[in-house]
Amino acid sequence: MIRVILRRILISIPVLIGISLVVFFLIKLQPGDPLVGMISPETTPEQKQEMLRQAGYLDPVGIQYLRWASRAIFGDFGYSLHSGAPVLTLINERVLNTLLLAGTSLFITLLIALPLGIYLGLRRGSYADISVSLLSFIIVSIPVFFIAILLVKVFAMNLHWFPVSGVSTLGSNNSGIDRLIDVAKHLVLPAVALAVGNIAIFSRYLRSSISELTRQNFIRALFAKGMKRSGVIFPHLLKNAAKPLITVVGMEIPALLSSTLLTEIIFNWPGIGRLSFDAIQARDYPLLMGVVLFLAVITLAINIIADILYALADPRVRLTP
């Protein structure tokens with residue numbers, strides 16, 4: 001197991017370096033400069049050039065990258081050009097909100113997708129299977145932002161069941177259980193908007209896996225011996241179906257984090273996605289590079305965790321040289 005973990009970490013290092021190179025040079029290829037919109041129109045070209053020189057923007061691109069990467073290794077992503085605050089501080093202020101949103105969405109997804117996938121896998125070809133399969137294909141084809149807007153229209157504007165934006169009610173001084181209830185009400189719509197598509201995806205993968213397993217001889221033998229369905233599903237079917245499910249979850253979590261961008265904008269949720277959108281609008285390059293690299297580190301960490309869980313579920317992976 002230690003060998004598997006070390007191998008994945010070593011593989012992730014060049015991947016992270018490659019991501020940092022792509023992020024840095026793509027942002028550097030953007031037209032204009034980071035001082036656009038931040039300086040007075042009365043500033044002379046000479047003064048502007050001096051400001052860019054002091055900021056290191058006129059140094060060779062390779063030198064700029066090495067300077068930025070050497071600081072980023074130790075968690076120093078520089079300072080926001082718009083607010084002047086350290087980039088890492090701004091990220092830390094928002095990351096918990098994004099993790100709360102993504103984690104709640106993943107919890108809702110698994111809570112519904114797991115029993116649904118098992119039910120459909122055991123009843124392949126039934127009317128319920130065909131109906132849910134058709135509905136899943138329709139849901140997957142609908143963009144997340146459209147689902148979010150639809151939820152806002154129905155449950156926030158028409159029914160007034162949930163608030164439409166923010167993480168808590170403005171001006172409220174709630175604490176304790178009242179605070180939790182207030183945050184939960186604001187969390188429902190964005191979390192459900194992110195979960196709807198993933199429920200369709202996860203349930204389909206689990207349904208296919210369960211359906212294939214039920215055709216295996218060892219599962220048929222267990223049913224032939226008169227074993228109860230619950231005794232077959234949990235210790236045998238789910239254990240073997242967990243391996244492809246771990247892979248799918250590991251692949252979908254980074255997509256889930258990227259989907260939070262539009263969702264956080266629609267619901268005005270103060271998370272990493274909203275922060276990156278604000279950085280793009282303000283041409284705040286240090287903040288944008290820091291956010292993208294931070295998300296890349298989280299994605300690689302999630303992939304490593306997924307590989308570890310897969311190795312725990314499948315002993316053959318641990319024995320692979």
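V188 is found in helix α7. Helices here are DSSP runs of H or I with at least four residues, strands are runs of E with at least two, and both are numbered from the N terminus. At 29% relative accessibility, V188 counts as partly exposed. Buried means under 20% relative accessible area, exposed means over 50%, and partly exposed is in between, with a 1.4 Å probe and protein chains only. The C-alpha atoms of V188 and S105 are separated by 8.9 Å, although the two residues are 83 apart along the chain.

V196 lies in helix α7 too. V196 is partly exposed, at a relative accessible area of 23%. Its C-alpha atom is 8.2 Å from that of I147, a residue 49 positions away along the chain.

## Basis of the model

This is a predicted model, in which local features need pLDDT of at least 70 and side-chain atom pairs count only at pLDDT 80 or more, while totals for chains, interfaces and linings use all residues. Residues are numbered from 1 along each chain as its sequence is written, and side-chain values use heavy atoms, with hydrogens and water left out.

## Overall fold

The protein has 12 helices and zero strands. From the N terminus on, the order is α-α-α-α-α-α-α-α-α-α-α-α. Of the 321 residues in the protein, 37% are buried.

## Annotated transmembrane regions

An unreviewed UniProt entry lists residues 9-27, 99-122, 134-156, 187-206, 245-267 and 287-313 as "transmembrane region". UniProt positions are given in the numbering used here, feature names are shortened, and annotations may be inferred rather than shown by experiment.

Residues 134-156 are 87% helix and 0% strand, with end C-alpha atoms 28 Å apart. Residues 245-267 are 96% helix and 0% strand, and their end C-alpha atoms lie 30 Å apart.

## Helix α3

α3 has 12 residues. From its first C-alpha to its last, α3 reaches 16 Å, close to the 16 Å expected at 1.5 Å a residue. The expected span is 1.5 Å times one less than the number of residues. Q64, Y65, W68, A69 and A72 are buried in α3. They cover an arc of only 120 degrees around the axis, which puts them on the same side of α3. The arc is that of the directions from the helix axis to the C-beta atoms.

A69 lies in helix α3. A69 is buried, with a relative accessible area of 18%.

How many residues line the second largest pocket? The count is 14, of which L16, A69, A72, I73 and L293 lie nearest the pocket centre. The elements that give two or more residues to this lining are α1 (2-28), α3 (61-72) and α11 (285-313). α3 gives the most, with four residues. The volume of the second largest pocket is about 320 Å³.

The lining divides into 12 nonpolar, two polar and no charged residues. Ala, Val, Leu, Ile, Met, Phe, Trp, Tyr, Cys and Pro count as nonpolar, Asp, Glu, Lys and Arg as charged, and the others, Gly among them, as polar. A pocket is an open set of points on a 1 Å grid over the protein atoms alone, where a 1.4 Å probe fits, with protein on both sides within 12 Å along at least five of seven lines; lining residues have an atom within 4 Å of a point. Grid points are joined across faces, edges and corners, and a volume is the space filled by probe spheres set on the points.

## Loop residues with positive phi

Most residues other than glycine have a negative phi. H160 has a positive phi, near 60 degrees. H160 is found in the loop between α6 (144-158) and α7 (177-213). H160 is exposed, with a relative accessible area of 62%.

N268 also has a positive phi, near 50 degrees. N268 lies in the loop between α9 (229-266) and α10 (272-281). At 40% relative accessibility, N268 counts as partly exposed.
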